[in-house]
Each structure stands twice: as structure tokens, then as C-alpha cells.
Amino acid sequence: MQEQIYHLQYAMDTFYFLICGVLVMWMAAGFSMLEAGLVRAKNTTEILTKNVALYSIACIMYLVCGYAFMYGGEFFLSGIGGVDVDATLTSFAEREDGFTGGSVYSTASDFFFQVVFVATAMSIVSGAVAERMKLWAFLAFAVVMTGFIYPVHGSWTWGAEGMFGINLDDQFGFSDFAGSGIVHMAGAAAALAGVLLLGARKGKYSKDGKVNAIPGANMPMATLGTLILWMGWFGFNGGSVLKLGDISNANAVAMVFLNTNAAAAAGAVAALALSVILFRKADLTMALNGALAGLVAITAEPSTPTALQATLFGAVGGVLVVASIIGLDKLKIDDPVGAISVHGVVGLFGLLLVPLTKEGTTFVGQLIGAGAIFVWVFLASLLVWYVLKLVIGIRVSEEAEYEGVDASECGIEAYPEFVASVK
């Protein structure tokens, strides 16, 4: 009977891990739709191509070397699908806590869950450099980001033994439950490095300092993308509990889902309300980014806040993202989808919220961890972007930017019937 219980726990936790991984994978569709909706029609095919390609590259590079860098082990993950059933059952039997102990699941399911997180980090970069970056320069960066840059700082936080002798958890008490910093702020740091070298889109900023709005082509698509991301985030945060098969952890999963949803809802409402105050109009794009900001804010620790606290955290995140988007425009940092604000500024904010509800964490420890992640990713990314700029160039020509990168980079227009009229 006890052996059957062990089998059930293993199967349940593995299945839960896989399903949550599928939800996170579905976020790739969310990023694709959101970014395609917020760019101009003439750049739609290229942004969709980037999202499909970056996800595929992330899967390959993390398989080839990224997982080994992050968690230790063999490259190419030889034999990862196998499991020693007898050894696993013995491990269960030797534990005093039995069924209620820590999570035990297939290594293959762990790889799958981790690889979709890597792809998420890279997806953040895609939107920030949209409409003026060369496709192959972006994909070359994706190879390095997913195969090396992300796994290095991932090993400092979620890995057993961090590369270069760094372990932010053990050394500084740093805590990031599901990746406000490890995934989201890191993606924003890589994006910021690229944007600084790339420069703004033509016509975005006037010589007199005026900021010119460049509307996206498809608001229904952007809204659909946001709702897909909102849905996928339940797997992102819920799966990070790592276990479902006992009463305590099942309740933890439910609380994570509740808090994740509450923070997103509050972020959307707060951003929408602030847009009305500032612009005298209900700005849909701000509401969408507000929802995502609420999600990023709660990701660092969705299990310990109360539902009310999660709602307040999400609302502040929604306000913060509106202020950040406006502030970056004043600094002439051109981010077509607001990715740096949503994932970077609010990602840091989420990390700093952790000590408010989680015992054993400190603001100093969170700042040290955040600083280490940002400095590593930003500097490493800046180096890679700079090398790519020297070797193959990272920005398309002025003519290609004017005509749209769909034509120059992909040769396929997303809306061939009317794209010429909206350039």
C-alpha cells in the first residue's frame, strides 16, 4: 500500500509539473500576439518569426548546454528520460515525512519546465527591439542568451552550486519564488542593453524633445496576447510550488493561483485609472501592461501574501509601469511594447516586496541579488550585442525600416491586402 502511495505521489507531481510547463509554453503564443498587436502592420511577420524561432532556439540551446550550466550535469542531457524505480522508492521509504515531503518528479519534466522559463526571458527581449533590429542578429543573440547568459545567473539562484562560486540564496538570503528577477528582470536587462546600442525608431522622438506615439496595428490581438499571458502565468507561478500531492502543497498552489490572479486584476485597474487621470482617456495599452506588471510584481513571492496584499502589490505595480513607460520615453529609450518597464522596473519592485511577507529575507539581500543578476545580464548582453554590431550589424537600413522589416527580413507581409496603405 505504501509503495502505491509513493508511485501516486511521483506520478501526480510529475504530471502537475508537465501541465504547468505546457501553460508556460503557451505564453509564447501570448508574447507573439501581444507584440504583433503593438507593432505596426508592416513589421508583424518578422515579430512572429522571431517569437517562433527564439522559442525553438531556447529549447535546443538549453538542451545542448544551458541545463548543464545551470544545474550541473552532462551536455546533451544523455539519459535524462530514464529513472531508477527501485532507487526512487527506496528514497521515499527512507524519508520520515513520506508522502508529505519534498517534491519528487521526473528529471525530464524538470527540464521541460525549466526550458520554457528560458524562452520566456528571451521573449521579453523580442518586443523591446522590435521594428528596427535585424532578424539574424536577434537570433544570434538568442543562442548566447539561452545557452549561456541565463543559465549562469540561474545557477546562482535556482541551481545547487552556482557558477563562479556564487550562490545568492545561501550567501545573501536572496529569494525569488518564480522569477521576477531571474526571468523577468534578466530579460529586461538584456533588452535594455540591446536598445541602448540599437537606438530609437525613426520618428519616435523629435529634435525638440517631443515624444511621438507610434500606435500598434491590432489592439484585439494585443488584448488576446495579454489574456493568454495571464492564463499562462498560473503555470509559471503555480508550477514553481514544485509539488501538488499533499494537503499543504495543494493549498499552497491554490493560494498562488489566487494571488496571481488578484495581482493581475489590480494592476490592470490601477494602470487604467491612472491613464484616465493623466491622459483623460482610457488607454488600453496601459491597462494591458498594468495587468502584466501586476503579474510580474507578484511572481517573486506569490505564496506568502494574503489576497489583499497581493491585490495591493499588483495595483502599485500597475501604477509603477505607467510611470516607467512615460519616464523611459523622456529618456528617449524606445521600447515599442513597454517590456523594459513591465519586466525590468516592476521585476525589481517585485523582488523588494518579498521581505514584507516572507520571513528570513531582507531588503539588503534582495538588492544584492537583484544587482548581481542585472549587472551580469546587462554587461554580458551589452558585450554580445556590441560584437554582433561590429560583425554583422544589428540595425536594418533606413529604407528597410521605412518599408517595414517584413519585406526586408521575411519577404512575407502579414496583411498583404492593405499593408501599403498603413506604412
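User: Which way does H4 pass H7, left-handed or right-handed?

Analyst: The crossing of H4 past H7 is right-handed. Bear in mind that this is a predicted model.

User: What angle do they pack at, and how far apart are the axes?

Analyst: Helix H4, residues 107–128, and helix H7, residues 180–198, pack at about 35°. Their axes lie 8 Å apart.

User: Which residues make the contact?

Analyst: On the H4 side they are Phe-117, Thr-120, Ala-121, Ile-124, Val-125 and Ala-128. H7 supplies Val-183, His-184, Gly-187, Ala-188, Ala-190, Ala-191 and Val-195.

User: How many of those are nonpolar, polar or charged?

Analyst: The contact of H4 with H7 has ten nonpolar and three polar residues, and no charged ones.

User: Now H2 and H5. What angle and axis distance there?

Analyst: Helix H2 (residues 44–71) packs on helix H5 (residues 135–157) at an angle of about 35°, with 8 Å between the axes. H2 passes H5 in a right-handed crossing.

User: And what classes of residue are in that contact?

Analyst: Between H2 and H5 there are 17 nonpolar, six polar and two charged residues.

User: Switching to the core. Which residues touch the most other members of the largest one?

Analyst: Those are Phe-138, Phe-141, Val-377 and Trp-385, in a nonpolar core of 109 residues.

User: Which helix gives that core its largest share?

Analyst: H4 does, with twelve residues.

User: What does Val-377 contact, sequence neighbours aside?

Analyst: Leaving out neighbours within four places in sequence, Val-377 is in contact with Met-145, Ile-149, His-153, Ala-186, Ala-189 and Ala-190.

User: What percentage of the residues count as buried?

Analyst: Of the 423 residues in the protein chain, 56% do.

User: Last one. Of the contacts between residues at least 6 apart in sequence, what percentage join residues at least 24 apart?

Analyst: In the protein chain, 80% of those contacts do.

Notes:
Residues numbered from 1 in each chain as written. Predicted model: local features only at pLDDT ≥ 70, side-chain atom pairs only at ≥ 80, totals over all residues. Heavy atoms only, no water. Axes fitted to C-alpha atoms, helices over the stretch in contact; angles between N-to-C directions. Helix = DSSP H or I, 4+ residues; strand = E, 2+ residues; numbered from the N terminus. Left-handed = near helix turned anticlockwise from the far one by under 90°. Contact = heavy atoms within 4.5 Å. Nonpolar A, V, L, I, M, F, W, Y, C, P; charged D, E, K, R; others polar. Core = buried A, V, L, I, M, F, W, Y, C linked by side-chain atoms within 4.5 Å. Buried < 20%, exposed > 50% of the residue type's maximum accessible area, 1.4 Å probe, protein only.
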